[in-house]
Amino acid sequence: MGDYHYHHFLSSMAGVGGQPNQSPLEGPPQMSHQPQVLAMGGHGPPMPNPYQSLGYFTGFPEPIMFNAPKSQRSRRKSAPGLDHIKHRRTRSGCFTCRSRRVKCDETHPICESGECLYPEPAPPKGSGGSTSKESSSTAPSQQASPTSSRGDDDDDDDRDSKLEPIMDEDEEEPQSATSTTAPMFPLRRSSTTSSFGLQRVPTGYRYDSETPSFDGNKSSSPLSTGTATAQSHRPDWTFLPHELQFYLGYFYDNITHYHYGLISDAGDFFRTTLVGLALRNEALLYAIVAFSAYHHALHNPHGRINEFLQYYNHSVKNLLECLKRKEKYNIATLLTILQLATIEEYLGDWVNLMGHQKAALEIFTQLFTPQTIMQSQTGRAALTWYGRFDLFVAIMGSFETTLPREWYLEAATYHDSCAAAEPDSVFWKFEACSAKMQLISMEMAMLYARRVKEEVTAEDFAAEHQRLSRCLDDWKNGWDPALVDPSHLVTDFSGSRAPDPNDIVNPFTSGALFQPPLFPSTVLTASYHSMSLLHDSQSGIRPTGEAKDKLREHAYKIYQIFEAVEFWSHSPPGGLIALQSALAVAALYVQRDPRHQMWIRRKFVLLEAMGYIFPATMRVRMAELFADDTCTRWWLPNDEGFPPLLQNIRAYADERNAMAATTQRDTVQQIRHVFSRMNIREAARKAAEN
């Protein structure tokens, strides 16, 4: 890919050439059935890292859909001296044996695998073909993974008739498709699906009645969602293997645009368009499934990360094969890279994230111009997604953005026109607000970069800094009244816990939190306060008493919003993830006393428990702020709230960062700038004066 050899970068990530390829049925003994760490909960010394000698991703047992083409596999042979018993095809074996590509002895209730998951028998004709409502009400956070021992609670009555037969050992197997443009499995249509294989979601459908729906608490708001948010259609993935169906279902029902740190998703892009594209692109499919498996593991008492690693590894490998074949890049390639970058962010691996970012930039400029990218919902979503990475790295590191101003300006202009064309659409208003915020952020980043490179005089910098301060305030004060409709403020916190004497804010004060469809206003408000803090930190001027009060107000508004979202029972999934960057900035201004600092540290624990791992460099900076070196290992004393699963993820992420440090020195240097320029000493001084 041009001057940036992305395929070499992917090769280092996937461990290509690092170790001999193992059989799909082989792998490290401790990972096949008895992983060293299975359950969350508990404390103690650091657990040994089970991935120490595995490179990045190699060596994990692979389910059926990951097998190499037939020409690359060796047939199993009968042992010498033993009569070979020819096994016939079967459609009644358990899912576990099927996924491992071994013959099931079909013993009930537990076969020789010891981890059975049998298909449900098809209901007799005329019975209605539906299971009871209670059978599908198991919480996703408590659902076992498809390969673990659990009861079959999926509502899939005709599954038995859909299973692929297990082939005899000496039979030829059809070669699976590996094209990045065609489906990896033949698409099945039904009378309930559209020509694109999209199936309408039943009203109120979700995996779990205990998990908030996508929009959180449904309201009877008269606000229009506009044409951009037509009735969502659930893509039809019933032709996929059971494991992939499971994780796509979990993704659809539990992952939102807030998990991606984005303000709004007017067209329900992530649950519909993104997944729909993934059904025709293996690399993208595995990347999404990996992201889903990661979240599922963290919310499962018996969660493991090896399944996440399997899927992520195969996404990287599929993408690498596409690049080696020099296939023409398309939007699916770009979205795959962005999804992989999101996973890197969750692992706290900004070195590898920036590697993906460089590749995404090259594809952006090959596929689109600032004008053409606005012509489709997918292009607009990709630009917003990429822009978030671009702006964060640029602002925190005082770099120029990789995308020129024209891209951000075109996005802001386009969304303004859409909001004007549909004045009753609250979602276009949110898209316009978010695009304008990105444009202002981009101009801030460029100003900071010019100062670092000494391309601007002190006088010109001060004048532009003041102009951007006014732009930021004007942006916030200029919101459409519909976005701050007081009738959508949350005033009922019934069911929430009682106030904690150790709290530093009152999360139940009205005015901090908007309910859907105005929840994005909550996130935008936190973004405004965090950008105000960041911009002030770049001024270089010693704050006056009035300025100190304003800093304190910005930081405490963020604290209050974060805790209100945490304790409101109807907050949308991922709402706290969308607030994490604002909280990290506000943490720099926390008062230097044990009560305030412990409050912040517990919030960091909460975010990491949700899978958002803070980079080691950021932990070092916060340890300086808290004057406590133990924060570099964990946020709380005695490993409180640091379960073995999270310890394994942390150890794995830190190992990846260490390996990246030896192969991507230029990027590592950039990342050091990103977090070293978090002005710890200045922030600590300001906080102490507060």
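Me: Let's start with W237: buried or exposed, and at what relative accessible area?
Reply: W237 is buried, at a relative accessible area of 4%. Buried here is under 20% relative accessible area, exposed over 50% and partly exposed in between, with a 1.4 Å probe and protein chains only. This is a predicted model, where local features need pLDDT of at least 70, side-chain atom pairs count only at pLDDT 80 or more, and totals for chains, interfaces and linings use all residues. Numbering runs from 1 along each chain as its sequence is written, and side-chain values use heavy atoms, leaving out hydrogens and water.

Me: Which ring does W237 pair with, and how do I read the geometry?
Reply: You describe a pair of aromatic rings by the distance of the centres and the angle of the planes. W237 pairs edge-to-face with Y252, at 6.2 Å centre to centre and 65° between the planes. (Phe, Tyr and Trp rings, six-membered for Trp, pair with centres within 6.5 Å; planes under 30 degrees apart are stacked, over 60 edge-to-face, the rest tilted.)

Me: Which residue lies over the face of Y252?
Reply: R271 does, 4.2 Å from the ring centre. A charge counts as over a ring with NZ of Lys or CZ of Arg within 6 Å of the ring centre and within 35 degrees of the ring normal. K476 lies over the face of W479, at 4.4 Å from the ring centre.
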